[in-house]
Amino acid sequence: MLLKVGNGLFQTLKELLKCQGVSAGFCKEPLGKLSPEKVERAKEIYKNYL
């Protein structure tokens, strides 16, 4: 199944790792941090797919 993230690949991967208890740090510029809305979307992805 193909999942369209549309959230920022590397930032979302780091947030998903954080949901699993793995500290992966933050993305460097120019990527930056996720907005609160995108953090919620990452948590939704974690809840529904992992």
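Modeller: Happy to! Let us start with Gln11, which sits in helix α1 (residues 9-19); helices here are DSSP runs of H or I with at least four residues, strands are runs of E with at least two, and both are numbered from the N terminus. Please keep in mind that this is a predicted model, where local features need pLDDT of at least 70, side-chain atom pairs count only at pLDDT 80 or more, and totals for chains, interfaces and linings use all residues. Residues are numbered from 1 along each chain as its sequence is written, and side-chain values use heavy atoms, with hydrogens and water left out.

Gln11 counts as buried because its relative accessibility is 13% (buried means under 20% relative accessible area, exposed over 50%, partly exposed in between, with a 1.4 Å probe and protein chains only). Beyond its neighbours within four places in sequence, Gln11 is in contact with Cys27, Leu31, Gly32 and Leu34, a contact being heavy atoms within 4.5 Å.

Lys14 also lies in helix α1. With a relative accessible area of 25%, Lys14 is partly exposed. Leaving out residues up to four places away in sequence, Lys14 touches Ala24, Gly25, Phe26 and Cys27. A polar atom of the Lys14 side chain lies 2.8 Å from the backbone oxygen of Ala24. Leu34 is 20 residues from Lys14 along the chain, and their C-alpha atoms are separated by 9.9 Å.

Phe26 has a lysine of its own to show you: Lys33 lies over the face of the Phe26 ring, at 4.7 Å from the ring centre. For a charge to sit over a ring, NZ of Lys or CZ of Arg must be within 6 Å of the ring centre and within 35 degrees of the ring normal.

To set this part in context, the protein has 2 helices and 0 strands, and 22% of its 50 residues count as buried. Among contacts between residues at least 6 apart in sequence, 61% join residues at least 24 apart.

The other helix, α2, covers residues 36-49 and holds both Arg41 and Glu44, which are separated by about one helical turn because they are 3 residues apart. Arg41 and Glu44 form a salt bridge, with their closest N and O atoms 3.2 Å apart (a side-chain nitrogen of Lys or Arg within 4 Å of a carboxyl oxygen of Asp or Glu). Both partners are partly exposed, Arg41 at 26% relative accessibility and Glu44 with a relative accessible area of 42%.

Note on methods. A polar contact is a pair of N or O atoms within 3.5 Å; within protein, one must be able to donate a hydrogen and the other to accept it, and residues adjacent in sequence count only if both atoms are side-chain atoms.
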